[in-house]
Protein chains: 4
Amino acid sequence: MAQDVQRSPERAKRLPRPVREKQILDAAVEVFSRHGYHLASMDEISDVAGVSKPMIYSYLGAKEELFGHCVRRESQRLLEAVRDGVRADVPPDMQLWHGLRSFYGFVAAYRESWIVLHRHALTAGGPFAEEITALRARAVALVRDLVVSAGTERGLASQAEFSGEGMAAALVGAAESLADWWLDHPDVADGVLASWLMNLTWLGFNDLVEGRVWRPTEPAE
Amino acid sequence: MAQDVQRSPERAKRLPRPVREKQILDAAVEVFSRHGYHLASMDEISDVAGVSKPMIYSYLGAKEELFGHCVRRESQRLLEAVRDGVRADVPPDMQLWHGLRSFYGFVAAYRESWIVLHRHALTAGGPFAEEITALRARAVALVRDLVVSAGTERGLASQAEFSGEGMAAALVGAAESLADWWLDHPDVADGVLASWLMNLTWLGFNDLVEGRVWRPTEPAE
Amino acid sequence: MAQDVQRSPERAKRLPRPVREKQILDAAVEVFSRHGYHLASMDEISDVAGVSKPMIYSYLGAKEELFGHCVRRESQRLLEAVRDGVRADVPPDMQLWHGLRSFYGFVAAYRESWIVLHRHALTAGGPFAEEITALRARAVALVRDLVVSAGTERGLASQAEFSGEGMAAALVGAAESLADWWLDHPDVADGVLASWLMNLTWLGFNDLVEGRVWRPTEPAE
Amino acid sequence: MAQDVQRSPERAKRLPRPVREKQILDAAVEVFSRHGYHLASMDEISDVAGVSKPMIYSYLGAKEELFGHCVRRESQRLLEAVRDGVRADVPPDMQLWHGLRSFYGFVAAYRESWIVLHRHALTAGGPFAEEITALRARAVALVRDLVVSAGTERGLASQAEFSGEGMAAALVGAAESLADWWLDHPDVADGVLASWLMNLTWLGFNDLVEGRVWRPTEPAE
DNA sequence: AATGAATGAGTTTTCATTCAT
DNA sequence: TATGAATGAAAACTCATTCAT
């Protein structure tokens, strides 16, 4: 049978720097996702990483900088996941569809990353609010482009009932909210979530394009 | 002759307890909304309230409890604002419409309260996540009832493309996201936001009800 | 019999702020003089002061600022001691004489202050080197004025063998060095030290004034 | 053809031990003189030396010991410089004159060494204060012997106005102070400094020898 | 009722120092 | 020999919280 691993609990084995950096980042994401930025302690991170605090400081900087590394790595991951999932040679609705599926794929695969990005990065203070806002802005812009291109190509005049950016913001929020909801209902398949969103929003959008508009049936006070 | 009032210069005037509590809560909401739970300091709150720290502790408890009071008061306000805006004797879409307008009315009137509830309550740690989640769950349930009643009364069988709760969660998220977006685009009228949402989602929902369904145009791998 | 003092060793009695500030400064000077800036710990200072660390930070700032307060207070003391000891209506030599006596009086009365100023302030890093250099420059300038006035009034042309500033610097250094020496020979009276200095330097200076010059008896190299 | 040397790029060449030790000591003196003992970091020393930290520890010991090596080497240098400059077969004043010139020669040639010895060794804590005090005591004793021999040979009875040791201490302090002053006025020739000192102090000393004494013109309170 | 004065307890951060290769 | 990798230990500092007046 396989020989028991040599456990020298006192001193960590010597490992090349990139490996240690990954270990530390993984631990940091885990702890930050569990407690949030402020309640996470460097002590716990170093425990989870199996590495002493000075290593963390030496490799990835102080707490704020460490958090920054986490946010950047996970943002990158999310962007790449979505970008890789979307094909440019299909109609806008299918692009959106693929994008949503990729997004939920990411959320499923990197639950903790998503929690850090979505729940904790905004309240950490420092420059992170801006980074996250920028990330979100990219997502909104992407969706807006899809929506607008789909609209204009079919002659959607600019109406009061329509706003590419506003609707994109709404859609992104809906997708995020559903992701949150999903965390508590994990038995739903990711494709189903995406399907709900498409049916809820894209159909409505199509109606708009075709001139059907919802208006309040009585004067709004 | 001039009456020689005993002037103890810095000493706050004796005020009835409810007035003091309001002062403190207002200050707390302001400070919490500005810095978030963890970065807000009791010192700053007492400064802004114009009241010494021991008063805060004696009237409203420790930091966590104080934050709880804030969250509860503002939740209450939000719920009442929406409840008061909605009339039960109109069709579901109009109920939703009124609810949305009331919601945005609240966000406009109580910007700071909204920020505390939406952005900071989840990351405070402690029991607040649950309180906020409960509040949100109430909102989702409300919307879900609207959606479901509108659906069933028109014979919407349960399809894979439909989920009352899921869609309600999505809609609530969309509304919140638009509220956030609004904070950076304050020149848009609140009715317009509500209108966008109605058109984006309700029309799509109507399509569903009437049997129009969006499906991917190619097998989703 | 006298009632035993109420000793509540845990919590310090409530005292007005200025009193506490003095306590803290005294303790800080003691500890800084004993260990120097870097080896002094805030913990020890708070112990010696009989006050918790947060009070120190709240009243007198962080370590560097605290040290600054010490340096400034003791500089002030030294300057005042010398200024008060010197009378303007006497000849330059007597002014110097009185200044020296006052200086040694200060060193005797405030041994620790002198050690902080002379030995530790220069190596603390930060802005203290400059403060101390400035203090010393003031002393040198004072002495230089005495020397120069004494010299010019008796027609001392500028010779290579003479430099008001240089000699003042030398004299100040001699005085300081003797102060150090005194720390290890405390049985010498302060007036004696001043007398030595006057005889060593002022007589020589008088010689210069009267045209007697020392020159090497063989070509320098 | 180009010889493909095995290049292990960062690895320092194997060097004989004394060379390495010199490298390290030079770097240490540089860094200590720049930052003082406490603010100097072993990291910076190893950087400047171009040698890894474990080498330093293995060759010259821990920080305190390393500093000790620096202090001893530079003390030695200073002593030798002065000793080599002084000739025993000349009158005392000329011996002093040569000693001073040698001293200033050393300060000019080994600025950093002087700074370490004069400014930083006293505040390092540990045994260095004593070493430096001992060094200084040797200098004082040397000067005292000169002074005393010059005095006794010309029949200077022990008067209150005279003290071989005290005056030597003063003279040494004056010389040091002038060395400091020189650091900020580098355009003065070293011979000039020595000349100032001789004229300031030696003439005065001669006066003493010849019975001229300075006394306060009014009773010293 | 109201507060200035005071602190316990915890955190981040930075060294000098040493393994293990 | 020579070093990158690793850490123990201790420092400064900052809160929320409470006592005594």
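This is a predicted model: local features need pLDDT of at least 70, side-chain atom pairs count only at pLDDT 80 or more; totals for chains, interfaces and linings use all residues.

Q: How many residues of chain A are in contact with chain B?
A: Contact means heavy atoms within 4.5 Å. By that rule, 52 residues of chain A meet 51 residues of chain B.

Q: What area do chain A and chain B bury between them?
A: The size of an interface is often given as the accessible area lost when the parts come together. Here the accessible area is taken with a 1.4 Å probe and the loss is summed over both parts. Chain A and chain B bury about 4300 Å², with 66% of it on carbon and sulfur atoms. Trp196(A), Leu200(A) and Trp214(A) supply 18% of the area that chain A buries against chain B, more than any other three residues.

Q: How many salt bridges does the rule find across the interface of chain A and chain B?
A: A salt bridge needs a side-chain nitrogen of Lys or Arg within 4 Å of a carboxyl oxygen of Asp or Glu. Between chain A and chain B the rule finds zero.

Q: Which element gives the most to the side of chain A that touches chain B?
A: Helices are DSSP runs (H or I, at least four residues), numbered from the N terminus. α9(A) gives the most, with 14 residues.

Q: At what angle do α9 of chain A and α8 of chain B cross?
A: Two packed helices are described by the angle between their axes and the distance between the axes. Axes are lines fitted to C-alpha atoms, for helices over the stretch in contact, and angles run from 0 to 180 degrees between N-to-C directions. The axes of α9 (residues 190-209) of chain A and α8 (residues 164-184) of chain B come within 10 Å and cross at roughly 65°. Trp196(A), Leu197(A), Asn199(A) and Leu200(A) meet Gly166(B), Met167(B) and Ala170(B) there.

Q: How many residues does the contact take from chain D and chain C?
A: The contact takes 52 residues from chain D and 52 residues from chain C. The area buried between chain D and chain C is about 4400 Å², and the count of salt bridges between these chains is zero.

Conventions:
Residues are numbered from 1 along each chain as its sequence is written. Chains are lettered from A and ligands numbered from 1 in the order in which they are written. Side-chain values use heavy atoms; hydrogens and water are left out. Helices (H or I, at least four residues) and strands (E, at least two) are DSSP runs, numbered from the N terminus. Buried area is the accessible area (1.4 Å probe) that two parts lose on being put together, summed over both.
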